[in-house]
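Please open the model in your viewer and keep the sequence beside it. We shall go from one selection to the next, and say at each stop what is there.

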Amino acid sequence: MAKYVQNIRGIVNTEITNKFASHLGTIVGNFIGPGKPVVVGRDFNVTSQMIKRSLTTGLMAAGTDVVDFGIAPIPVIHYGKDFYNATTTISISKSHLRPEDVDIKIFSDHEIPLESHPKQVPWNQIGALQYVYEYRDIYVRAILKQAASDILKNKGFLVVLDKTKDVDKPFTPRYWKKLVARPCK
C-alpha cells in the first residue's frame with residue numbers, strides 16, 4: 001500500500017495541458033531517479049490517453065523507466081507495482097465530479113515535492129518505455145486465490161457488476177467464469 005497519494009485535478013487542455021503533464025512527469029521522474037520504474041495506467045477516456053502520453057514522455061525525459069499498463073483500474077495498477085520493483089504508480093482518469101476534468105493520482109512510498117523545476121537528462125539517458133500485459137493474468141490469479149471459488153459457487157451469492165464503465169473489461173471475463181457456476185445476463 002502506498003504511503004502517499006497526491007491527486008491533481010483540472011480541466012483538460014486548460015488547467016491540465018500536455019505541457020503541464022509532461023512537466024509533472026519530469027518532476028516525478030527527477031524525484032524517483034534515472035533507471036527506476038514507474039507503473040502507469042489509465043481509464044478508457046480519450047482525454048486520459050492524451051494526458052498519460054504526455055506524462056509518460058516527461059517521466060522518460062527524466063531518465064525514469066515507464067511500465068505502461070494501458071487501460072487498467074487503479075487497484076490493478078497499484079497491485080502490479082511490486083512485480084516491477086516500482087515505488088510509484090500513476091493513474092490518469094476522467095474525473096467523477098466534472099466531465100471536463102481529468103484526475104492524475106500519484107501513489108508513492110515517499111511524498112514527492114511537486115513544486116520543483118523539471119530537469120531533463122541527456123539524450124543517451126532517456127528512460128525506457130515498456131508496454132506490459134501479463135499483469136492481467138497475475139492479478140486474476142491473485143483474486144481467484146483469495147476468493148476460494150469452490151466455497152463461493154456453493155453459497156449462491158448475487159454478484160452485481162457495473163458495466164457502465166468498461167475499465168474492468170479485460171479482467172471480468174477472466175475470473176467471472178471461474179467464480180460462478182452460472183452467470184446471470
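**A walk from the sheet to a helix**

Begin by selecting β1 and strand β5 (residues 101-108), which pair in the antiparallel sense over eight bridges; two strands count as paired if DSSP finds at least two bridges between them, and strands (E, at least two residues) and helices (H or I, at least four) are DSSP runs, numbered from the N terminus. Within this pair, pick Val5, whose bridge partner in β5 is Phe107.

The model is predicted, so local features need pLDDT of at least 70 and side-chain atom pairs count only at pLDDT 80 or more, while totals for chains, interfaces and linings use all residues. Residues are numbered from 1 along each chain as its sequence is written, and side-chain values use heavy atoms, with hydrogens and water left out.

Now show the whole sheet, an open one of six strands in the order β1-β5-β4-β2-β3-β6, with mixed pairing. Because β1 (4-11) and β6 (129-131) stand at the edges with a single partner strand each, one side of each is left without a neighbour in the sheet.

Next select helix α1 (residues 18-32), which packs on the sheet and touches β1, β2 (37-42), β4 (88-94) and β5, where contact means heavy atoms within 4.5 Å.

Stay in helix α1 and pick Phe31. Which residues does Phe31 contact, leaving aside its neighbours within four places in sequence? They are His110, Glu111, Ile112 and Pro113.

Note on methods: Axes are lines fitted to C-alpha atoms, for helices over the stretch in contact, and angles run from 0 to 180 degrees between N-to-C directions.
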